[in-house]
Amino acid sequence: EVEIEPFKGLLLGLFFISVGVSIDLSSMIFIMMIAAGYMGAFAVMGGLGAAFCVGLLNAFLINKLKINPFLATLGVLFIGKSIQQLSTQGGVPIYLTRAGYAAPFDAIARTSLLGIPTPIIVLVVCIIGVYLALHRSVFGRYVAALGAQADVARYSGIRVPFNMSVVFISCAVLSGVTGILLSSTVRSYVPLAGDAFLLDAFGV
């Protein structure tokens, strides 16, 4: 997911610098909710909700405040880092390795369908979804038009702010999926670990 999600932003001629923060905040909320005793499904929704908020904040800064996308997503990156530091007493990792916490993690990372691990299935579903959205839908044509010439697209009646918002939010949510899969695999959350995936994402 890390390597496919920024592709939408690149079609717009933009970069999504908040990849790492989307991964980290999703992972952090997911792990904290598991530690607090919430069901796995609610923890997943909480993690994805955190990633959604990252995308929504980016969309607000870019579309409403008219901040340059690079600067906006970079600013959200630093905001997200600060949130992690404050929420973890300066960056203390959270490990949930006890057997009592195993069930929700195993349900995600250690299950399979027809012999195919669940994380692989999730990855394939995300790839197919992104492909269909960008190459087999009206939305994909709108995104391509925005990337080619945003002003012309606006004069053509395309809702530029709305479609850009969808791009940034979907990029963040896909990054959030990555954070949840990673946390489920290692049963832990390490602050700022998502920064390691930033250059991988740009390498698409």
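Phe30 is found in helix α2, where helices (H or I, at least four residues) and strands (E, at least two) are DSSP runs numbered from the N terminus. At 0% relative accessibility, Phe30 counts as buried; buried means under 20% relative accessible area, exposed over 50%, and partly exposed in between, using a 1.4 Å probe and protein chains only. Keep in mind that this is a predicted model, in which local features need pLDDT of at least 70 and side-chain atom pairs count only at pLDDT 80 or more, while totals for chains, interfaces and linings use all residues. Residues are numbered from 1 along each chain as its sequence is written, and side-chain values use heavy atoms, with hydrogens and water left out.

- The protein has a mean pLDDT of 86, and 90% of its residues reach 70 or more; pLDDT is the predictor's confidence in each residue, from 0 to 100.
- Where pLDDT is low, the predicted coordinates should not be read in detail.

**Around Phe30**

- Setting aside neighbours within four places in sequence, Phe30 is in contact (heavy atoms within 4.5 Å) with Gly40, Ala43, Val44, Gly47, Phe105, Ile108, Ile180, Ser183 and Ser184.
- Phe16 sits 14 residues from Phe30 in sequence, and the two are 22 Å apart in space, C-alpha to C-alpha.

**How the helices pack**

- Two packed helices are described by the angle between their axes and the distance between the axes. Here, axes are lines fitted to C-alpha atoms, for helices over the stretch in contact, and angles run from 0 to 180 degrees between N-to-C directions.
- α2 with α4: the axes of α2 (residues 19-35) and α4 (residues 69-87) come within 9 Å and cross at roughly 25°. That makes α2 roughly parallel to α4; angles under 35 degrees count as roughly parallel, over 145 as roughly antiparallel, 65 to 115 as roughly perpendicular and the rest as oblique.
- α2 passes α4 in a left-handed crossing, meaning the near helix is turned anticlockwise from the far one by less than a right angle, with clockwise being right-handed.
- On the α2 side, Val21, Asp24, Leu25, Met28 and Met32 make that contact; α4 brings Val76, Leu77, Gly80, Lys81, Ile83, Gln84 and Ser87. By class, the α2 and α4 contact residues are seven nonpolar, three polar and two charged. For this sorting, Ala, Val, Leu, Ile, Met, Phe, Trp, Tyr, Cys and Pro count as nonpolar, Asp, Glu, Lys and Arg as charged, and the others, Gly among them, as polar.
- α2 with α5: α2 and α5 (residues 102-109) pack at an angle of about 140°, with their axes 10 Å apart, so α2 is oblique to α5. Phe30 turns up again here, joined by Ile31 and Ile34 of α2, against Pro104, Phe105 and Ile108 of α5. This contact has six nonpolar, no polar and no charged residues.
- α3 with α4: α3 (residues 40-63) and α4 also pack at about 140°, with axes 9 Å apart, which makes α3 oblique to α4. The crossing of α3 and α4 is right-handed.
- Val54, Leu57, Asn58, Leu61 and Ile62 of α3 meet Pro69, Ala72, Thr73, Val76 and Ile79 of α4. The α3 and α4 contact has eight nonpolar, two polar and no charged residues.

**Two glycines in helices**

- Gly176 lies in α9 (residues 160-186) and is buried, with a relative accessible area of 0%. Not counting residues up to four places away in sequence, Gly176 touches Ser22, Ser26, Leu48 and Ala51.
- Gly75 is in α4 and is partly exposed, at 28% relative accessible area. Gly75 and Phe168 are 93 residues apart in sequence and 14 Å apart in space, C-alpha to C-alpha.

**Loops and a strand**

- Leu114 lies in the loop between β2 (112-113) and β3 (116-117), and is exposed, with a relative accessible area of 82%. Its phi is near 55°, a positive value in a residue other than glycine.
- Arg187, in the loop between α9 and β4, has a phi near 55° as well, but Arg187 is buried, at 16%.
- Ser188 belongs to β4 (residues 188-189) and is buried, at 8%. Leaving out residues up to four places away in sequence, Ser188 touches Ser27, Ile31, Ile94, Tyr95 and Ser183.
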